[in-house]
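Start with the structure, then follow the text residue by residue.

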Amino acid sequence: MTTLAVTGHIDLTEDSTPLIRTALANLLTRYATDGRLIGVSCLAEGADSLFAEAVLTAGGRLIAVIPSQDYRRHKVKPDQAPLFDHFVESAEEVLVLPHTTANRQAYEAANTVLLQRADRLVAVWNGAPPTGKGGGTADTVLEARAAGIPVDVVWPDGAARRG
């Protein structure tokens, strides 16, 4: 059994989505061979949702880590809500962290839970260094590496972030 957690960018371009979807599917087939793949995700827009989709498509079990009690209400955009709700309903386990508000502390705590549960980390990441704010993709990659957790970076040619 392999437990993969995900970290990644939320602001992927529309053209990046199919590229990353394919790269994640290819990566997860390596770990889904025994039928006991577990994926851990915070279900955010972008990388987290693409990973959750890939886990379920590969026949894996999904664990959702929700950073705060108000996350669904205040951070999930209306156009993303049906997909978020689908993943929550499909998850084998849903952990809602005790933080009242979705903020940097809640995201850092969620990342800690991801890494505690992971055998490996999948990072949908362009390789940019941390911003200094904490709780971001680069921060999570650095924490995983410091803890000795192997990291699979997914950033196919042509992938880009908005902005």
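Glu89 is exposed, because its relative accessible area of 68% is over the 50% cut-off. This is a predicted model. Glu89 is found in helix H4, residues 81–90. Leu62 is 27 residues away from Glu89 in sequence, with 10.0 Å between their C-alpha atoms.

Now the salt bridges. The whole structure holds eight. Three of them are listed here.

| Pair | N to O distance |
|---|---|
| Asp11 and Arg161 | 2.8 Å |
| Arg117 and Glu93 | 2.9 Å |
| Arg120 and Asp152 | 2.9 Å |

Take the Asp11 and Arg161 salt bridge. Asp11 lies in the loop between strand E1 (2–8) and helix H1 (16–31), and Arg161 in the segment after strand E6 (151–154), so the pair ties together parts 150 residues apart in sequence. Asp11 is buried at 19% relative accessible area. Arg161 is partly exposed at 35%.

Next comes the salt bridge between Arg117 and Glu93. Arg117 sits in helix H5 (residues 104–117) and Glu93 in strand E4 (residues 93–96), so this pair joins parts 24 residues apart in sequence. Arg117 is partly exposed, with a relative accessible area of 31%. Glu93 is also partly exposed, at 28%.

The last pair is Arg120 and Asp152. Arg120 is in strand E5 (residues 120–124) and Asp152 in strand E6, 32 residues apart, so distant parts of the chain are linked. Arg120 is partly exposed at 21% relative accessible area, whereas Asp152 is buried at 11%. Arg30 joins Arg120 and Asp152 in a network of salt bridges.

Note on methods. Residues numbered from 1 in each chain as written. Predicted model: local features only at pLDDT ≥ 70, side-chain atom pairs only at ≥ 80, totals over all residues. Heavy atoms only, no water. Helix = DSSP H or I, 4+ residues; strand = E, 2+ residues; numbered from the N terminus. Buried < 20%, exposed > 50% of the residue type's maximum accessible area, 1.4 Å probe, protein only. Salt bridge = Lys/Arg side-chain N within 4 Å of Asp/Glu carboxyl O.
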